[in-house]
Amino acid sequence: MDWIKTNYLKYREGIIFTLLFHILVFIILNISQFRNKMEFNENEIIIDFPENRLDETPPAPVKTVPNNTIGEIKTNIASNRAADNAKTILNDDFQQELERAQNLVKDVSKQLSKDIPTIKDLKMPVNKSEGMNPDSILKKLYSGESNVEYFLKDRYHIELPIPVYLTQYGGTVKVNIRVDIKGNVIEANPIVTQNMKEQMLSYAKTAALRTKFNSFSGNQIQEGYIIYHFIAQ
């Protein structure tokens, strides 16, 4: 201990100088590092990334359509329109031709029926609906032992002459009829078919014109038909 104390007293100034020098160097080095850190912090670039929200869906990508595809789409649209127009024209033409054919059939039928005479003094049995419940025969075809059927919407017969047993020939005759609001048959046109006997046509027309239907509350002429199934005698 005496040796240390003696040397300390001998070299005290040198030791103090050395300590001060090291302290000074230490301080300088710390100051230098601090400045470097400050410069580094000043040059930092802060990038703020937004938080992803789970409830937001990413926008759908925008699809671009090539020019040639747009041209094809326009061509297809034009083709479809042309096809629709063609169908409309064809349908209209078909409907017109169908109406012409139907009118021609009606005209031919009327012309043929003009040559079919009626028989004023022809006697035939008559089926009457007196006492029958109209609801039981309304909107139905009347048929039975008389072998007669008819259709006239919302109407039923009051008197129905039956000529089917009066001819020596057998066959079926359909007669188109027009009926007024009082139930009178004002027009009867038998449909003439091949090999149809004139006697059956005359009997059918005569019976149809004598048929009586119930009155109707409307104000228009109704169209219907009566079918006669003749039994050969």
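Colleague: What share of the 233 residues in the protein is buried?

Modeller: This is a predicted model, in which local features need pLDDT of at least 70 and side-chain atom pairs count only at pLDDT 80 or more, while totals for chains, interfaces and linings use all residues. Residues are numbered from 1 along each chain as its sequence is written, and side-chain values use heavy atoms, with hydrogens and water left out. Taking buried as under 20% relative accessible area, exposed as over 50% and partly exposed as in between (1.4 Å probe, protein chains only), the buried share of the 233 residues is 22%.

Colleague: Which pattern does the protein follow when read along the sequence?

Modeller: Helices (H or I, at least four residues) and strands (E, at least two) are DSSP runs, numbered from the N terminus. The protein has five helices and seven strands, and their pattern along the sequence is α-α-α-β-α-β-β-β-β-α-β-β.

Colleague: Which strands stand at the edges of the sheet, each with a single partner strand?

Modeller: Two strands count as paired if DSSP finds at least two bridges between them, and on that basis four strands form an open sheet with antiparallel pairing, in the order β2-β7-β4-β5. The edge strands have one side left without a neighbour in the sheet because each has a single partner, and they are β2 (148-151) and β5 (185-190).

Colleague: Which residue of β5 is the bridge partner of Val 179?

Modeller: Strand β4 covers residues 171-179 and pairs with β5 in the antiparallel sense over five bridges. Within β5, the bridge partner of Val 179 is Val 185.

Colleague: At about what angle does helix α5 run to β5?

Modeller: Axes are lines fitted to C-alpha atoms, for helices over the stretch in contact (heavy atoms within 4.5 Å), and angles run from 0 to 180 degrees between N-to-C directions. Helix α5 (residues 198-210) lies across β4, β5 and β7, and its direction relative to β5 is about 160°.

Colleague: Is Asn 214 buried or exposed?

Modeller: Asn 214 is found in the loop between β6 (212-213) and β7 (222-230), where, not counting residues up to four places away in sequence, it touches Asp 154, Arg 155, Tyr 156, Ile 158, Ile 181, Lys 182 and Gly 183. A polar atom of the Asn 214 side chain also lies 2.9 Å from the backbone nitrogen of Tyr 156. Its relative accessibility is 13%, so Asn 214 counts as buried.

Colleague: Why do the rings of Tyr 150 and Phe 213 get the label that they have, and what is it?

Modeller: Rings of Phe, Tyr and Trp (its six-membered ring) pair if their centres lie within 6.5 Å, with planes under 30 degrees apart counted as stacked, over 60 as edge-to-face and the rest as tilted. The structure holds three aromatic pairs. In one of them, the ring centres of Tyr 150 and Phe 213 are 5.4 Å apart and the planes stand at 75°, so the pair is edge-to-face.

Colleague: How many residues apart in sequence are the parts tied together by Phe 151 and Tyr 225?

Modeller: The ring centres of Phe 151 and Tyr 225 are 6.1 Å apart and the planes stand at 35°, so this pair is tilted. Phe 151 is partly exposed, at a relative accessible area of 36%, and Tyr 225 is partly exposed as well, at 22%. Because Phe 151 lies in strand β2 and Tyr 225 in strand β7, the separation in sequence of the parts tied together is 74 residues.

Colleague: What is the C-alpha to C-alpha distance between Ala 232 and Val 164?

Modeller: Ala 232 has its place in the segment after β7, where, leaving aside neighbours within four places in sequence, it is in contact with Thr 167, Gln 168, Tyr 169 and Gly 170. Ala 232 and Val 164 are 68 residues apart in sequence, and their C-alpha to C-alpha distance is 8.3 Å.

Definitions and conventions:
A polar contact is a pair of N or O atoms within 3.5 Å; within protein, one must be able to donate a hydrogen and the other to accept it, and residues adjacent in sequence count only if both atoms are side-chain atoms.
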